[in-house]
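My notes follow in the order in which I looked.

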Protein chains: 4
Amino acid sequence: MKLIAIYGSSREKGNSELLTEQVLKEIPAERIYLREKNILPIVDKRHEAEGFSPVDDDYHEVITRVMEHDVIIFATPLYWYGMSGIMKNFIDRWSHSLRDDRYNFKEKMQGKKAYVIIAGGEQARIKGLPLVQQFQYIFDFMSMHFAGYMIGQGNKPGDVLQDDRAMSDAQYLNQQLKSMI
Amino acid sequence: MKLIAIYGSSREKGNSELLTEQVLKEIPAERIYLREKNILPIVDKRHEAEGFSPVDDDYHEVITRVMEHDVIIFATPLYWYGMSGIMKNFIDRWSHSLRDDRYNFKEKMQGKKAYVIIAGGEQARIKGLPLVQQFQYIFDFMSMHFAGYMIGQGNKPGDVLQDDRAMSDAQYLNQQLKSMI
Amino acid sequence: MKLIAIYGSSREKGNSELLTEQVLKEIPAERIYLREKNILPIVDKRHEAEGFSPVDDDYHEVITRVMEHDVIIFATPLYWYGMSGIMKNFIDRWSHSLRDDRYNFKEKMQGKKAYVIIAGGEQARIKGLPLVQQFQYIFDFMSMHFAGYMIGQGNKPGDVLQDDRAMSDAQYLNQQLKSMI
Amino acid sequence: MKLIAIYGSSREKGNSELLTEQVLKEIPAERIYLREKNILPIVDKRHEAEGFSPVDDDYHEVITRVMEHDVIIFATPLYWYGMSGIMKNFIDRWSHSLRDDRYNFKEKMQGKKAYVIIAGGEQARIKGLPLVQQFQYIFDFMSMHFAGYMIGQGNKPGDVLQDDRAMSDAQYLNQQLKSMI
C-alpha cells in the first residue's frame with residue numbers, strides 16, 4: 001500500500017494540512033503541495049479535431065506520481081464551500097489525461113482508495129457536505145473507492161487542532177491507514 | 001437593472017455559453033469570459049501580519065466591473081461535478097476582496113441578484129445539485145439573492161440546444177430577466 | 001405508456017396536487033391519493049427467522065396498481081424538507097415487497113420512468129434539493145429511470161399556480177409526457 | 001442539561017438503537033421509542049378556517065416530554081435514504097404544534113441542541129448526507145443548534161458494532177455529552 005497526500009491549500013501549515021498531518025502520523029507517505037506546482041487550467045479540446053495539446057507545466061509530473069500510489073488523500077481547505085481553485089484546476093486536467101495515450105489513466109486510477117480531508121470555518125461539517133458529494137461523483141466516475149472523509153473546523157491557523165471531533169476522527173483514520181500498510 | 005454574465009468555460013461557444021446566450025437573448029448585458037483573463041489563485045494571507053499583497057493580474061478589473069451590476073449570471077460548465085477551476089479561482093479571490101479597503105466588497109455585493117447556469121453531461125440535472133448547493137452557501141455568505149438556476153445537458157458542442165428541458169428553462173429565465181430590466 | 005400519479009399530500013387540492021394536475025393536463029393517468037389509503041409503517045423483519053408478516057391494509061392494492069404502470073409520478077408537498085410521512089411510509093414498505101414472493105418487485109419496477117413533483121414554501125427550489133437527491137438514490141437502488149423533477153413554490157392553497165417558473169416547468173413536463181404516450 | 005433520545009426504528013435493538021446506546025453509555029437520558037407510540041400522520045389544516053383539530057393519539061405526550069429536555073438525539077435507521085416514516089410522521093406533526101396555543105412550540109424548541117444518529121447499509125456515510133442536510137434545514141427553521149451527527153454502517157442486527165469508524169465516532173460523542181451534563 002503506497003500512500004500519497006495531495007494538499008490543496010495556498011498556505012503553508014494551514015488547518016487542512018495540520019489535520020492531514022495528524023492523519024498521517026507515523027505513516028510513510030509522499031506529499032504533493034499543489035501551491036508549489038504550476039498547474040494550468042484545462043483548455044477543453046475534447047471536441048476539436050486536433051485534440052488536446054501538450055501543456056508545459058508540472059501536471060505531468062504530479063499525475064505520474066499520483067498514479068504510482070494505491071491510496072490518495074485529497075486534503076483541501078473549504079474555500080467558498082468547495083475545494084480550492086488550485087485543487088480544482090488539478091482535477092479539471094484529468095479530462096485531458098483521460099484522452100492522453102501515455103497514461104491509461106482510467107485503468108490506472110480505478111480501484112485506488114481515496115480519502116478526503118477538509119478543513120473549514122463555522123459549520124464546515126454541514127456546509128462541506130456538497131463537496132463530499134462532489135468527490136463521491138468524481139470517484140464514482142473514475143471507479144475509485146471512496147474509503148473515507150472527515151471535516152475539521154477552524155479559522156485561524158492551528159485552530160483545527162482544538163477541534164476535538166476532528167482530532168478524534170483523525171486518530172481513527174490514522175489507525176485505519178496504519179492497519180492497511 | 002444592469003446585468004453581467006461571467007463565463008467560466010475554457011472553450012469558446014461551449015454548451016454553458018450557448019445556453020446562457022439563450023437566456024440573454026435580446027437583453028443588454030455585459031459579458032466577461034474568464035478564459036480571456038489572467039486571474040491567479042488566491043494566496044491566503046488572512047492570518048498574516050502583513051495581510052494580502054496586491055496581485056498583478058486581471059482580477060481587479062473584473063471584480064470592479066462585476067460590482068457595478070445588479071444581476072450577476074454565473075455560467076459554468078460542470079467540470080468534474082463542480083464549477084470550472086478558473087471560475088473557482090475567481091471566487092476564491094473574493095476572500096482577498098473582503099479585506100481590501102478599496103472595495104467595500106460585502107456591502108457592494110449584498111442584495112445583488114444571482115443566477116447560476118450550468119451545462120453538463122449525462123445526469124447533470126442530478127449530479128450538478130451539489131454545485132447548486134455550494135452556490136447557495138456562497139450567496140448566503142455574501143447576502144446576495146439566489147434568484148434562480150438552471151442545468152442543461154449536453155456533451156458535444158451545441159448539444160445543449162437539443163435539450164428541450166434546458167431550452168424551456170432558458171426561455172423562462174429570458175422572459176423573467178426581460179421583465180426586470 | 002401507462003401513467004400513474006401518487007399523491008403524498010394530506011390535503012385535497014394542495015399545491016403539489018395542483019401542480020401535478022398542470023403536468024397531467026389532457027393526459028390519461030391513474031391517480032392514487034395516499035391520504036385516502038390506510039398504509040401502515042413498515043415493521044422491519046428482514047432479519048427475523050419468520051420473515052415479514054402479511055399486513056392487513058391498503059398497501060398491497062396500491063403497489064399492485066403502481067407496478068402495472070410504466071411511468072410513475074411521485075407528487076409530494078415538501079413537509080419539513082422531505083417527502084410527507086405518508087409517502088415515506090409507503091416507500092418504506094417497499095423493503096417488505098422486495099422480499100414478498102408474490103411480486104417480483106425489483107424486476108417489475110426496474111426500467112420504469114419516475115418523475116418527482118414537489119411543492120414547498122420559501123426557497124423550496126433550494127431546500128428541496130436533498131429530497132431530489134434522496135429520490136435519485138431510491139431510483140438507482142430500484143434500477144428505475146429518474147426522468148425528471150420539478151419544484152414549485154407556494155404557501156397558501158393555490159399559490160403555486162402563481163409561480164411562473166413552476167408553471168413553465170409544468171408545461172414542459174406536460175408536453176414531454178404527451179410526446180411519450 | 002436534560003437529554004432525550006427519540007428512536008425512529010421499527011425494530012427493537014436495531015443498528016441505530018445499538019449505536020445510540022453506545023453514545024449514551026453511562027449518561028442519564030430519557031428514551032422514546034416511536035414504534036411503541038401511536039402517532040398519526042399530519043392532516044394539514046394550516047389554511048382552513050377551523051384550523052387544526054385535536055388528534056387523539058400519543059403525539060401530545062411525546063412532544064411534551066421532548067420539550068422538557070435540552071438536548072435531543074434523533075436516532076433513525078436510514079430507510080430508503082431518509083429517516084423512517086414513523087419519525088417523519090412525528091416531525092410532520094410539528095406543523096400542527098407550531099399553531100397549537102398550548103405549546104409555545106417554537107419558543108420552547110429554539111436553542112435546544114440536536115444530534116442526529118443514523119445507521120444504514122452500504123455507503124450510508126455518503127448516501128445518508130441528504131438526510132443530514134434535511135435535518136440541518138429542520139433545525140435552522142426551529143432555531144435549534146445542530147450540535148453533531150454521525151452515520152454508522154451495518155445491515156444485519158448488530159453489524160454496526162463492528163463498524164470501527166462508527167464506534168470511534170460514538171465514543172467521541174459519548175465523551176462530548178458527558179462533558180456537557
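I began with one pair of side chains, C:R165 and B:D169, which meet in a salt bridge at 3.6 Å, N to O (a side-chain nitrogen of Lys or Arg within 4 Å of a carboxyl oxygen of Asp or Glu). The count between chain C and chain B is 2 salt bridges.

For the record, this is a predicted model, in which local features need pLDDT of at least 70 and side-chain atom pairs count only at pLDDT 80 or more, while totals for chains, interfaces and linings use all residues. Residues are numbered from 1 along each chain as its sequence is written, chains are lettered from A and ligands numbered from 1 in the order written, and side-chain values use heavy atoms, without hydrogens and water.

I then looked up the whole contact (heavy atoms within 4.5 Å), to which chain C and chain B bring 17 residues each. Together they bury about 1,600 Å², with 54% of it on carbon and sulfur atoms; buried area is the accessible area (1.4 Å probe) lost on putting two parts together, summed over both. Of the area that chain C buries against chain B, 40% comes from C:Y149, C:R165 and C:Y172, more than from any other three residues.

Which residues line the largest cavity? I found C:R165 and B:D169 among them, along with B:R165 and C:D169. A cavity here is a set of points on a 1 Å grid over the protein atoms alone where a 1.4 Å probe fits but cannot get out, and lining residues have an atom within 4 Å of a point.

Technical notes
On a 1 Å grid over the protein atoms alone, a cavity is a set of points where a 1.4 Å probe fits but cannot get out, and a pocket is an open set with protein on both sides within 12 Å along at least five of seven lines; lining residues have an atom within 4 Å of a point.
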